[in-house]
Amino acid sequence: DLRRNERKLLKHVDEKVECRIYAQRNEIEAFISLAAEISDKTYQTKAFGAGVKKDEHTLALLNSAAKLGIFRGYLLFCNGTATAFMLGYVHDKTYYSEFIGYLPDWKEWGVGNTLHLHVMKDLAALGGVTSFDFMYGDNPNKARLATQSRLEQNIIMFSQKGFNRWVGKVYRASLQLSAFGKEKLESLGVAQKLKNRIRSAQ
């Protein structure tokens, strides 16, 4: 499936596909500038504000990671345009993919899957990396490509006394209502339509 995506993309851009690897401190600003531009156009950033930002905190974090030799970022260029990125870290024989994103206009051509293929080739050539961790969250693509999964949960503890007891009850009720609403929206096909509208919004 990944190979088929790659062949489709290569045909579309006349073989003009390049994956650039970023691991050094002097490469971080160039990487994060392009990655943030892509991230700003993704559904995750538009809907939840979750994505890669070019700010002092991110630059400091990546510089520290590069200094330790664990930072590894990737950008996929098609016809000279940066279309997809992956940001992660190599530690203890595992690559932890913290952020990934692609330009919505290039979704049809599977740039995310093609980038993943290039990343796997690079990690294999790097040597010593035996695992790829998709990190938190779930989606069909992760389920399709992964060989293992684990259940993760957030635990929030509230005091059973006074006002905090009622805060806990309201919080649990809001979670149940949110889960119910999500299930209904998905069953009616509305959730995907909303996602598509958010992705296409300028």
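Which helix holds both E6 and R3, and how many residues apart are they? Both lie in helix α1, residues 2-12, three residues apart, about one turn of the helix.

## The model

This is a predicted model: local features need pLDDT of at least 70, side-chain atom pairs count only at pLDDT 80 or more, and totals for chains, interfaces and linings use all residues. Residues are numbered from 1 along each chain as its sequence is written, and side-chain values use heavy atoms, with hydrogens and water left out.

Helices (H or I, at least four residues) and strands (E, at least two) are DSSP runs, numbered from the N terminus.

## Salt bridges

The whole structure was searched, and five salt bridges were found. A salt bridge here is a side-chain nitrogen of Lys or Arg within 4 Å of a carboxyl oxygen of Asp or Glu.

## E6 and R3

E6 and R3 form one of these bridges, with their closest N and O atoms 3.8 Å apart. Burial is judged by relative accessible area: buried is under 20%, exposed is over 50%, and partly exposed is in between (1.4 Å probe, protein chains only). E6 is buried at 11%. R3 is partly exposed at 46%.

## E18 and R20

E18 and R20 also pair through their side chains, at 3.3 Å from N to O. E18 is partly exposed, at 39%. R20 is partly exposed too, at 34%.

## D122 and R72

D122 and R72 form a salt bridge at 2.8 Å, N to O. D122 sits in helix α5 (residues 111-126) and R72 in strand β2 (residues 71-78), so this pair ties together parts that are 50 residues apart in sequence. Both residues, D122 and R72, are buried.
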